[in-house]
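Here is a short report on strands and salt bridges. Please look over the sequence and the model before reading on.

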Amino acid sequence: MKRDLMDIVCCPLDKHDLELDVEDEEDGEVVSGTLTCTDCGETYPIEDGIPNLLPPDMREETPA
């Protein structure tokens, strides 16, 4: 995920801003981490460079 995407993404539940927490970054792109809503506190995972912005009840949990 490119950091520039932060300018256009928002929480799908309440449309507030998301805060980026990077766990792994490669060549200037976020490979893994989380996006957290600044209002409701819901978190959205970033896995393999892809942010999962589905609402929590629609996500398919991946086994650890």
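Is Glu-25 buried, partly exposed or exposed? Glu-25 is partly exposed, at a relative accessible area of 35%. Buried means under 20% relative accessible area, exposed over 50%, and partly exposed in between (1.4 Å probe, protein chains only).

This is a predicted model: local features need pLDDT of at least 70, side-chain atom pairs count only at pLDDT 80 or more, and totals for chains, interfaces and linings use all residues. Residues are numbered from 1 along each chain as its sequence is written, and side-chain values use heavy atoms, with hydrogens and water left out.

**Sheet.** Four strands make an open antiparallel sheet, ordered β1-β2-β3-β4. β1 (18-26) and β4 (50-51) are the edge strands, each pairing on one side only. Strands (E, at least two residues) are DSSP runs, numbered from the N terminus; two of them pair if DSSP finds at least two bridges between them. Eight bridges join β1 to β2 (residues 29-37). Thr-36 in β2 stands opposite Glu-19.

**Salt bridges.** The whole structure holds three. Each needs a side-chain nitrogen of Lys or Arg within 4 Å of a carboxyl oxygen of Asp or Glu.

| Pair | N to O distance |
|---|---|
| Lys-2 and Glu-29 | 2.9 Å |
| Arg-3 and Glu-25 | 3.0 Å |
| Arg-59 and Glu-42 | 4.0 Å |

Glu-29 lies in strand β2 and Lys-2 in the segment before β1, so this pair ties together parts 27 residues apart in sequence. Arg-3 also sits in the segment before β1, 22 residues from Glu-25 in strand β1. Arg-3 is partly exposed at 41%. Arg-59 is buried at 16%, whereas Glu-42 is partly exposed at 24%.
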